[in-house]
Amino acid sequence: MKIRWTLFSAMAGIALIALSCARSEKTEGDYPVQPVSFNQVNLEDNFWAPRVRLNAKLTVPYAFQQSEDTGRIKNFDVASGTEEGGFCSTYPFDDSDVYKIIEGAAYSLQTVPDPELDAYLDDLIARIAEAQEPDGYLYTNRTILGDSAHPWAGKKRWELVSDDSHELYNLGHLFEAAVAHYEATGKRTLLDVAIKAADLIVRDFGYGKCENYPGHQEVEIGLVKLYRVTGNQEYLDLAKFFLDVRGPGGEVYNQAHLKPVDQTDADGHAVRANYMFSAMADVAAMTGDKAYLAAIDRIWNNVVGKKLYITGGVGATGAGEAYGIDYQLPNMTAYCETCAAIANVFWNHRMFLLHEDAKYIDVLERTLYNGVVSGLGLSGDRFFYPNPLKSRGQHQRSAWFGCACCPSNLCRFIPSVPGYIYATKDNNLYVNLFVQSQTELELNGKPIKVSQVSIYPWEGHVELNIDPAEAGRFSLMVRIPGWTAEEPVPSDLYSFVDPAGEKVEILVNGKVARTSLKNGYAVITRSWKSGDKVEVNLPMEIRRIKAHELVEADKGQVAIQRGPLLYCLEWPDQEEKKALHLMIGEEPGFNYSFNPDLLNGVGMIKAAGYSLAATLEGTVDKNPATLVAIPYYAWANRGNGEMTVWIPEDQDAATPLPAPTIASRATVTVSPGCKGIPATVNDQMVPEKSSSDEHGHIHWWPKKASNEWVQYDFSETETVSSVEVFWFDDLDLDAGCRVPKYWKLKYRKGNNWYEVKPKGDYGTQRDQFNRLDFEPVATDGLRLEIRQPDNYSTGVQEWVVNK
């Protein structure tokens with residue numbers, strides 16, 4: 001079925017995912033600070049407004065279409081009996097993707113009505129309602145397959161809910177979507193489905209009933225949102241129960257190793273963790289539970305002080321999609337899942353609403369402009385799941401994923417951005433983000449219009465026009481970003497190399513304002529009247545950043561920041577169409593310009609540096625070069641190639657172009673099904689271990705027990721007498737690649753391949769080069785022929801050829 005509507009091209013609806021409740025006044029037991037809701041903010045800028053429009057016009061319809069094409073939506077029809085068949089998609093959590101896209105679509109309806117989209121949602125919601133079982137259970141995989149459900153689901157309801165069934169995870173996203181749709185349309189169709197499901201889990205879970213906790217946190221957030229709309233205390237109580245019953249003695253992977261209130265560090269799966277921390281903030285705000293508040297304060301300090309990427313991303317390793325140990329922040333293998341960055345925004349916004357401190361918005365802004373928006377390609381229909389900070393070209397955006405949590409999460413997140421701009425408390429109006437926009441709000445029941453004029457993040461001049469309905473005294477709280485002074489992040493994890501040269505300037509009606517500084521906010525308390533204008537000048541200096549000395553991956557390197565944006569070197573902008581061989585100079589002489597024709601309009605930074613190339617004599621040639629940097633979020637929109645955020649300033653940290661050896665000058669080809677960049681096997685980057693992924697490698701996972709090959713083609717005949725092979729083997733990670741069962745080396749003569757005459761054994765040792773000497777041959781090509789083990793795949797890190 002094709003999606004039949006054309007979404008509006010005007011300003012898309014905007015929702016506050018952080019709380020999702022379209023209220024202007026807080027209720028008893030709530031966050032002390034209240035965000036200004038999405039439907040009170042109109043974006044008019046050239047950075048976020050186009051993204052919100054693109055999300056409405058393209059990304060949401062595209063995601064619905066993908067859900068149709070991959071069987072996610074058909075699952076509801078099969079579950080209801082209106083269509084025949086089995087479970088049509090892959091994972092039991094695929095229902096949640098449909099719910100998230102509905103949530104994003106509902107946000108669009110809240111601002112600009114669209115009858116065709118509204119009708120499509122009516123039809124889809126009716127199909128979902130038909131799939132719900134009579135008692136409220138909604139989980140298409142079990143309804144369709146019964147006892148033959150996915151192994152993650154278990155034989156009975158809730159049996160494996162603490163592991164990977166995702167029954168409660170799906171419902172959490174259903175609850176969020178239902179609240180969004182109800183608030184957008186006033187229709188109870190999906191809300192009634194959600195309430196029926198929520199009432200079921202209230203009956204089934206609790207002390208003395210099923211005491212299993214959710215394996216993937218999310219339902220807690222959804223229950224709190226449902227409580228806000230319905231006022232049903234049982235939903236809030238159940239959200240707290242699901243947190244309280246977690247741990248100890250469970251897995252670190254899903255944060256069940258300790259009680260949440262006893263945890264001090266961020267550990268395990270990063271998305272699950274950040275959803276849990278967000279839920280803990282909700283419960284702390286709604287119930288006044290100080291133990292929850294103390295725990296998330298401790299954990300936040302651990303993340304920001306030891307586990308946060310300079311992009312605002314979190315999650316160091318793909319093994320478990322998890323937080324690493326303290327200061328473990330690799331770049332090439334950084335996971336930094338898009339969903340984890342989105343969840344980091346949720347969590348930090350809640351921390352601000354609890355504590356009224358700008359440091360949380362500093363982290364939010366860094367994540368928003370770098371770690372989140374990088375997950376969505378400029379076309380609106382290409383996505384990143386991990387967001388690495390360094391690449392040899394092995395990373396590329398995908399049209400969709402089998403596990404499609406990130407695209408569907410972006411659908412609902414992008415339109416939420418305006419809900420993070422303003423907030424209020426009593427007689428204080430907070431300006432958190434600098435985005436050209438208009439809003440109407442109330443302070444103590446008195447209406448005020450506020451507008452911003454700015455081309456942020458490209459320039460730092462911001463005009464705030466304050467227009468109260470009647471003159472009155474209140475405090476305007478303007479966030480002063482930490483990056484304008486000496487804090488890239490609110491910890492010692494990163495620091496600026498270059499001291500700030502300019503100061504923030506604030507004017508009121510053309511005169512220097514009298515301000516005080518409180519928790520990172522410039523406080524302007526005065527009697528405001530219609531027509532008052534505040535000008536904020538944020539210095540947009542280009543500054544280098546260095547990491548804490550315990551971050552091994554960043555030693556001898558710097559990152560470049562201007563305003564809230566991190567910059568990177570990407571291959572298309574460099575003279576040699578590579579990026580990893582470049583080194584920044586001691587006096588980079590930064591130059592900034594805005595290019596409206598590149599990547600939908602971006603700032604570009606040029607710096608003096610060097611191009612490095614290894615020589616056959618073992619030295620390194622160092623030639624002057626101009627380095628060209630673009631915003632990190634914009635990379636990987638022009639094809640595959642090298643990229644790096646961290647730029648060497650010490651030669652020891654640099655990666656010179658390879659010396660012109662027989663191997664490095666060869667053209668590399670591989671057998672079909674090979675994964676990775678073939679050129680990594682002759683780049684002279686030698687790993688410390690066979691399992692290393694820092695320099696790139698090739699492999700044939702998930703193929704097993706097959707014959708594979710890697711081939712070097714030489715431009716002229718070469719006489720060679722030995723090779724050295726460094727195998728890829730991830731035994732120590734308990735993953736799927738091992739050294740080969742056996743291998744042969746062949747040389748080309750004419751159109752035929754012949755095995756060399758070896759002088760020793762074909763080695764298969766891990767963590768070292770395996771040298772094979774043979775009788776010299778004159779040839780224009782060599783081929784490694786590899787037999788993969790019976791139950792594993794094989795890979796190659798590096799292959800050297802000697803005369």
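Mentor: Start inside α11. Y292, A295, I296, I299, W300, N302, V303, V304 and G305 of this helix are buried. Buried means under 20% relative accessible area, exposed means over 50%, and partly exposed falls in between, with a 1.4 Å probe and protein chains only. Helices are DSSP runs of H or I with at least four residues, strands are runs of E with at least two, and both are numbered from the N terminus.

A word on the model before going on. It is predicted: local features need pLDDT of at least 70, side-chain atom pairs count only at pLDDT 80 or more, and totals for chains, interfaces and linings use all residues. Residues are numbered from 1 along each chain as its sequence is written, and side-chain values use heavy atoms, leaving out hydrogens and water.

Now look at the N-terminal end. D289 caps α11 there. A side-chain oxygen of D289 sits 3.0 Å from the backbone nitrogen of A291. A polar contact is a pair of N or O atoms within 3.5 Å; within protein, one must be able to donate a hydrogen and the other to accept it, and residues adjacent in sequence count only if both atoms are side-chain atoms.

Next, the loop between α11 and α12. K307 is in it. Is K307 buried or exposed? K307 is buried, at a relative accessible area of 4%. Its side chain makes a polar contact of 3.3 Å with the side chain of D267. A polar atom of the K307 side chain also lies 3.2 Å from the backbone oxygen of G324. Contact means heavy atoms within 4.5 Å.

Y327 is not a glycine, yet has a positive phi of about 70 degrees. Y327 counts as buried, at 16% relative accessibility.

A nonpolar core is a set of buried Ala, Val, Leu, Ile, Met, Phe, Trp, Tyr and Cys residues joined through side-chain atoms within 4.5 Å. The largest one has 227 residues, and F175 and I201 touch the most other members. Its largest share, 13 residues, comes from α10. Beyond neighbours within four places, I201 contacts W158, L168, L171, F175, V219, L223, L238 and F242. Another core lies apart, with 30 residues, among them V710, F714, V725 and V777. In soluble globular proteins, nonpolar side chains tend to be buried together.

P248 lies between α9 and α10. The peptide bond from G247 to P248 is cis, with omega near -5 degrees.

Cysteines next. A disulfide is a pair of cysteine sulfur atoms within 2.5 Å. The structure holds 0 disulfides. C406 is in none; the nearest cysteine sulfur belongs to C339, 3.6 Å away. C406 is buried, at 0% relative accessible area. For C737, the closest cysteine sulfur is in C674, 10 Å away and too far for a bond.

Last, the whole chain. There are 14 helices and 31 strands. Of the 803 residues, 62% count as buried. The C-alpha trace spans about 90 × 70 × 50 Å along its principal axes. The radius of gyration, taken over C-alpha atoms, is compared with a globule rule of 2.2 Å times the number of residues to the power 0.38. A compact globule of 803 residues would have a radius near 28 Å, and the chain agrees with 28 Å. Among contacts between residues at least 6 apart in sequence, 71% join residues at least 24 apart.
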